[in-house]
Each structure stands twice: as C-alpha cells, then as structure tokens.
Amino acid sequence: MMDAVIQTVEVPSHWVAEGEFRLNASFYSQDVIAARLILEKASQKTEIVKLSGLVGVENIYMPALKITIPFSDYGEPYLTQSEVEFFLPKARKKVDIRKLTEPDKWRVKNGYLLISQSGTIGRVTIATKYLEQFIISPNPIRVITDEKIRGYLYAFLSTWIGSALIKSPKFGITVDHILPHHLYDIPVPRIPGLEEEINQKILKAHRLREEAQELLLKAEEMIYSELGLPKIDEDNVEYFEGDKGKIVKSFELKASDLNLRLDASSHIPILQQIEENLSKSEFEDMKFREVIDKIFIPTRFKRPYVDDPSSGVAFLQGSHIPQIKPMDVKYLWSGTRNLKNILIKKDWVLMTRSGTVGRIGVVRSGWEDWAASEHVLRIIIKPEIHSGYIAAFLSSPYGEYQIKGKIYGAVVDEIGERDTSLLEDINIIVPPKDIRDKIGNFVFEAYDKRDKSNQIEDKAIKMLERRLKEIAAG
C-alpha cells in the first residue's frame, strides 16, 4: 500500500500574523504562495496598495447575512448569485422589500464589482445597468469603484493572482465563505501606462455586454409585438380555489387530457393559455419538428482534462450555457477519442437537458469547435428558418413553459437521450422570413458582441498576468 503524499511548505512567520493567525493549510496553498511572492518581488519596482485604500472600506460590503429572505408572491424581482452571472437573467422569485433591513444595500448599480463570497468563491463580475431593476442576493460582496480604476481592478481580481488572494482566507466546514473584511488588505499593484490600457479594454468589454443585453431584450419584445402574442405570467393564472389554490398551485384536469402523463408539471394551466394564444396568431403555428434538421445528444464519453489550453479543447458544461462569460472552463485533451463527435458548430442552438432543463444558447464564432457535455442538447435548425429566431422563441415564456412541460425525473429533472422527440411536439409560431430574420439577427448580433467582449477581456487579463510576472522577474 502506497503512503499518501504529504505536501509541506515553509512560509515566513509574518504571513501568519498578517493573515489573522490562520493555521489552515489552504490559506498557504501553492497558488497563494506563488501570488504573494510575485507581488512581493513586484513591490520593489512598482507601487502596491491595499484594495481598501483604492476604493474605501465603506465601499466593500454586503447585505446582512443573518436574515431569512422574505420571498413573496408579490414584490421586487430577485436574483441569486448564479443568476447574476447569466447573459440575460430572469427572476424566478420575488422579495418583499418592506421586510428587508437596509433594502438599498440589496440593490446594485451599473459598474459595481460583484465578488461571490460563498460556494464557488471569487467569481468577479461587473454589474450592468440591466441588473439595477433587481434585488440581488447577499452572496456577492459589493465593491463600489471609480470608472478610472474599475476595469483595471476587475482585471487584476480576475487574474489567477487576484483569484488566489480572494480565496485564501476562506472558511467553513461544509460551504466555503469569505467576508468583506477579507478583501480589505488584498494588495493591488499599480502599473503606470498599462493600468490605463487595461482599464479601457475592460470598460469596452463591459459596454459590449450591455449592448448585447439590449439586443436580446429587443428580440424578446419583438416575439410579442411582431407575432401579436400577449405577454404571459404564471402569477396571472387562475388556480382551483382562487388565491388559496395558488399556494399549492392546485388545478382541475379532465382524464381525457392526461395524454399518459400523470406528473402535474405536464399539465400546468399556463400551458393551456399558451396553446390558445398561439392558435390565435395570424401566423402559422407548427410543431418544432418541422423547423429542425436534427436534434441530438452525443453518446457519453470519458473526460481527460488537461491544464494547458494549447493541448486541449475548451469544454462547455450545462452551467455555462446561460452565463454571460463561461466561468471556470476546463479543457479536454485534444487526443480524446471521437472528439469530433462532441464538437459544436456555428449557429447551432444549445439547450440544457438535465438539472435545470431548457436553458438556451446559440453557437457563434466564439464557441465554434468547442466541445460540449452530453448534458447539452444540440439543435440544428433549417437554414431558411433562422436559428437566432428559434433561440429567441424558446427563451421566451412561450418556449420556456412548453419545455418545462416535457421534463420528467424523480430526483433530477431531465429529458433523456432517447426522448428528444418530446421536444419535437412543442408548438412554435413561424412568421414571414423578414420578421424571422429581423429577430434572429438581433440574437446573432447579441451573441457576437458577447463573444467579442469575452475575447477582449481574456486578452487584457492575460496581458496583466504576463506583465506582473515580468516585473517580478526583473
């Protein structure tokens, strides 16, 4: 029996005193030590300041944690940490802000840095103006910054160096956490010349994301205006016994309408409302199977990951599909068996099929020839229909609720490998080509802007990492 390999490391004693006298090994991980050594060497040649000195202690905060969030049927739309990271998040819950302490702290403004403080720690995003309409989970720590430093600060905290320093003080037995004060002393290098260049690149990427969100909102609005469909909301659906019935969402159903499905999610009243609205449209109502060339899932495969991106292929998982920027992307070894069978192609529509089913994405140049998990459905749309239009329709409540009605599973929701035909029964409106193209092109342009913003951001972050190493090396 082989002895377990024990990693040991020596650190200067002053690191212990500076780190709240932390003795847990993760506080002195290899990444943290490497980051601190680079910054210590860089400090001999460039200015290093504390994060709190740049933005002010009062501008690093989070809402009170010791509170039961007052979810309500009526109130302000609420986003979780994961939803904040979505391309175009939609609130699934509402909060009664009258029951919140300091409700203003639960909101964010355009340009705030949001840093995840529990679960997956250290994910950094810049709040867009779209997020201003929501109540935001207390999970992300809010960092208010000046525009002159915002982009550069975001880039530094997104480098592996900044990320390691954010994560180092984590604590918790089951779920990792950090608190705002753990960010106060993070050392931030000031690099004349490069700092302004990085800042402008990140701000440009941020503007492109805002423009992309506006385009998706236009496309969604046109689903209603151009197709003549009324907006729908499950809150307005009538349930059995009125308001009492809404508590458990109870409703009546004829036995003849069961269609061999006994799960309630397949018969929710809003599906009947959707069917009636679609049938009244002036445009053709057809089954989804009539607009697709193919819908499929690759067979299950082994996932040999590599650390070096140049030796692998970026790998999309289901959680990445709705994100504005795929977080923590892994790379599959380029020699993976049958790799070609799991690569995705431009203009395909992607749909998550397990866990949270029905999240939609579109492949454009930025994702072309990436690999994708078998938990992601590939949908190839007929060229004359426009896959951007189909993505917009499926992302709307008219598509979303129909997809939910096809889900099954006792523990984990899913649409199985052999049951993609369930999706082919979804009803969809197909308007004239000019309308399809107008809506679809908005979607394509949105995803192109998103991809461009991510490319600009990635290059800026790598540029900063490279320069910090050069400064440290002399």
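## Strand β13 and its parallel neighbour

In β17, Phe315 of this predicted model has Ala371 as its bridge partner. The two strands concerned, β13 and β17 (residues 371-372), pair in the parallel sense over two bridges. Strands are DSSP runs of E with at least two residues, helices are runs of H or I with at least four residues, and both are numbered from the N terminus. Two strands are said to pair if DSSP finds at least two bridges between them.

This is a predicted model, in which local features need pLDDT of at least 70 and side-chain atom pairs count only at pLDDT 80 or more, while totals for chains, interfaces and linings use all residues. Residues are numbered from 1 along each chain as its sequence is written, and side-chain values use heavy atoms, with hydrogens and water left out.

Strands of a sheet pair through backbone hydrogen bonds, either parallel or antiparallel.

These strands belong to an open sheet of four strands, arranged in the order β12-β14-β13-β17 with mixed pairing. The edges are formed by β12 and β17, each of which has a single partner strand, so one side of each is left without a neighbour in the sheet. Strand β13 (residues 312-316) has five of its five residues buried, so it is largely enclosed by the rest of the structure. Here, buried means under 20% relative accessible area, exposed means over 50%, and partly exposed lies in between (1.4 Å probe, protein chains only).

## The three-strand sheet

A further open sheet has three strands in the order β4-β3-β7, again with mixed pairing. Strands β4 (93-95) and β7 (135-136) stand at its edges, each with a single partner strand, so one side of each lacks a neighbour in the sheet. Strand β3 (residues 71-79) and β4 run antiparallel and are joined by four bridges. In this pairing, Pro77 stands opposite Lys94 in β4.

## Salt bridges across the chain

Side chains of opposite charge can pair when their charged atoms come close. A salt bridge is counted where a side-chain nitrogen of Lys or Arg is within 4 Å of a carboxyl oxygen of Asp or Glu. The whole structure contains 28 salt bridges. One of them joins the side chains of Arg300 and Glu374, at 3.7 Å from N to O. This pair links distant parts of the chain, 74 residues apart: Arg300 is in the loop between β11 (292-296) and β12 (305-306), and Glu374 is in the loop between β17 and β18 (376-381). Arg300 is exposed, with a relative accessible area of 55%, whereas Glu374 is buried at 5%.

The side chains of Lys325 and Asp458 also form a salt bridge (2.9 Å, N to O). Lys325 lies in the loop between β13 and β14 and Asp458 in helix α12 (residues 433-473), so the pair ties together parts that are 133 residues apart in sequence. Lys325 counts as buried at 14% relative accessibility, and Asp458 counts as partly exposed at 32%. Both residues take part in a network of salt bridges that links Arg209, Lys325, Glu457 and Asp458.
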